[in-house]
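The exercises then ask you to trace single features by hand.

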Amino acid sequence: MRMTDIQRCEVRPGRLVEWTLSPATVAAAAALPEDARPPAYIQESHLRTARSLREDGLRVPAWLGAAFDIPGPVDLDALERALSQWTLRHETLRSGFRWSGERMGRFTLGAEAVRLRRAECGEFADGDALARHLQARFDDVADALHWPNLVYAAVVHPGGGVSVYMAFDHSNVDAYSIYRIPAEIHELYAAETTGRLLPRQRVGSYVDFCEAERADADRIDGTHEVVVRWREFIRRCDGRLPSFPVDLGLEPGGPLPEQRLLREPLVDAADAAAFEAHCRPYGGTLTGVLAATALAVHEIGGQPVYRTVVPFHTRSRSRWSDSVGWYVGGAPVEIDVEGAAGFDAALSAARAQLRAARPLSRLPIDRVLRLLGTDFRPTSPDLYSILSYVDARDVPGAADWAGLSAYALLRVSYGDQVCAWVTRLPDGLWFAARHPDTDVAHKNLRLYVERLRDVVTGVARGRAGR
């Protein structure tokens with residue numbers, strides 16, 4: 001699934017139908033006692049950031065979503081049952097949070113209390129107008145400080161078939177969760193329309209994972225090796241978490257800028273395979289992308305050391321593999337390229353860094369920051385710049401994504417950092433990044449992508465310096 005915003009995912013005209021959790025479900029949630037299982041550190045940080053920004057007068061939508069087609073004619077009742085079954089499968093979708101002063105507590109509905117409500121929302125003759133409507137609606141419902149914070153929609157097209165759109169606040173989903181949605185909904189829908197009985201799928205609960213991860217994180221103190229290494233990393237970043245090391249055209253102390261999305265193919269399948277083959281002895285494509293990025297930003301910005309935070313999944317046990325949730329931890333990486341003699345030297349440095357850094361991702365960075373005693377009051381939705389790599393080719397249904405117009409949706413709103421994602425798809429490597437919407441940032445991000453592409457194709461075709 002290519003990552004994009006909703007304006008660029010082929011939204012077509014049609015009759016809009018929407019599903020949210022029913023009023024009875026919302027009322028039942030309001031009467032629930034507190035769930036003893038706490039939020040994950042990453043969830044708590046996300047909600048505290050949203051609340052802090054809201055108190056400063058800025059609403060920053062941060063939802064993720066999926067878009068895909070179901071060929072028609074489509075039975076909306078069967079689709080509703082499929083959506084309902086999928087929702088009940090994942091406990092985090094019926095779990096939310098309440099504030100008591102500065103304290104966050106969880107509540108969780110039992111599956112028997114969860115029902116969807118369907119609403120007819122009218123005909124839309126213009127795809128652009130429909131895209132704007134969907135974005136506004138998702139901003140309103142899939143909000144960190146609102147519960148329920150999920151919404152499903154289907155656009156019934158005049159020529160047959162529907163396009164399905166599903167949006168969730170980030171606290172409940174990560175990219176891998178989104179990638180799995182089209183195949184799972186298609187399977188459930190097909191079973192509903194054919195009368196086929198699917199075996200009951202046992203899926204691990206992200207709410208249970210949050211409890212276990214937090215208990216592990218709370219056992220350590222400020223002397224733990226992971227905390228020490230983060231402290232040293234932040235010190236080398238001049239006391240801050242790392243930003244993307246090129247000029248972004250931002251005014252110090254200025255207002256939080258709007259962002260824009262840069263997305264495009266990086267290289268085709270042949271070059272992606274050749275690049276991967278070259279990088280495999282050093283750890284694979286992620287290592288290569290980091291090395292290529294370090295060289296590119298050194299050329300553009302002149303920084304001798306490239307520092308970033310690399311996301312890694314935390315689905316450490318098979319019980320979490322099919323689960324919807326935010327299973328992501330970050331690891332600090334720094335690659336010295338000032339004296340690197342060509343790509344392979346940078347590749348070796350990147351491999352060493354990733355080997356040393358990956359274990360650090362198992363401890364939530366928000367727990368680390370508390371132990372460091374550093375006041376990182378959030379003034380931006382992103383505390384640091386990230387560079388992410390995901391190989392999505394083995395996700396169930398990946399071979400069908402192009403034919404289903406399947407997209408991973410990313411809400412781009414405000415922020416002063418650069419968050420970049422490189423994704424391996426069946427047709428090659430794709431790049432996406434959200435960055436401050438300034439002319440300087442756009443120019444430098446374009447230079448970065450062009451240089452990144454040059455390095456990758458050079459390596460793939462045997463032209464890179466060794």
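What follows is a set of exercises, each with a worked solution.

This is a predicted model, in which local features need pLDDT of at least 70 and side-chain atom pairs count only at pLDDT 80 or more, while totals for chains, interfaces and linings use all residues. Residues are numbered from 1 along each chain as its sequence is written, and side-chain values use heavy atoms, with hydrogens and water left out.

**Exercise 1. The sheet and strand β13**

Task: Work out the strand order of the open sheet of seven strands, and then describe how β13 pairs with β1 and with β3.

Solution: Begin with the order, which reads β1-β13-β3-β8-β7-β2-β6 and has mixed pairing; strands here are DSSP runs of E with at least two residues, helices are runs of H or I with at least four residues, and both are numbered from the N terminus. Next look at the edges, where β1 (2-4) and β6 (116-124) each have a single partner strand, so that one side of each is left without a neighbour in the sheet. Direction ignored, neighbouring strands of this sheet are turned by 20 degrees against each other on average, where the axes are lines fitted to C-alpha atoms (for helices over the stretch in contact) and angles run from 0 to 180 degrees between N-to-C directions.

Now turn to β13, which pairs with β1 in the parallel sense over three bridges, given that two strands pair if DSSP finds at least two bridges between them. Within this pairing, Arg-2 stands opposite Tyr-407, and Met-3 has Ala-408 as its bridge partner. Strand β3 (residues 63-70) pairs with β13 in the antiparallel sense over four bridges, and there Ala-67 has Tyr-407 as its bridge partner. Finally, follow the side chains of β13: Tyr-407 and Leu-409 point one way, Ala-408 and Leu-410 point the other way, and all are buried (buried means under 20% relative accessible area, exposed over 50%, partly exposed in between, with a 1.4 Å probe and protein chains only).

**Exercise 2. Helix α5**

Task: Compare the span of helix α5 with the expected one, and find where the helix has a kink.

Solution: Helix α5 (residues 175-194) has 20 residues, and from its first C-alpha to its last it reaches 30 Å, close to the 28 Å expected at 1.5 Å a residue; the expected span is 1.5 Å times one less than the number of residues. After the helix comes Gly-195, whose phi is positive, near 80 degrees.

**Exercise 3. Salt bridges**

Task: Find the salt bridges of Glu-276 with Arg-280 and with Arg-424, and then examine the pair Arg-411 and Asp-139.

Solution: Side chains of opposite charge can pair when their charged atoms come close. The structure holds 41 salt bridges, each one a side-chain nitrogen of Lys or Arg within 4 Å of a carboxyl oxygen of Asp or Glu. Start at Glu-276, which forms a salt bridge with Arg-280, their closest N and O atoms being 3.8 Å apart; Glu-276 is buried at 18% relative accessibility, whereas Arg-280 is exposed at 52%.

The salt bridge between Arg-424 and Glu-276 has its closest N and O atoms 3.2 Å apart. Because Arg-424 lies in strand β14 and Glu-276 in helix α8 (residues 269-279), this pair ties together parts that are 148 residues apart in sequence.

In the last pair, the side chains of Arg-411 and Asp-139 meet at 2.7 Å, N to O. Arg-411 lies in the loop between β13 (407-410) and β14 (419-425) and Asp-139 in helix α4 (residues 127-141), so the pair ties together parts that are 272 residues apart in sequence. Arg-411 is buried with a relative accessible area of 13%, and Asp-139 is buried with 14%.

Notes. Bend = angle between axes of the 7 residues up to and from the residue.
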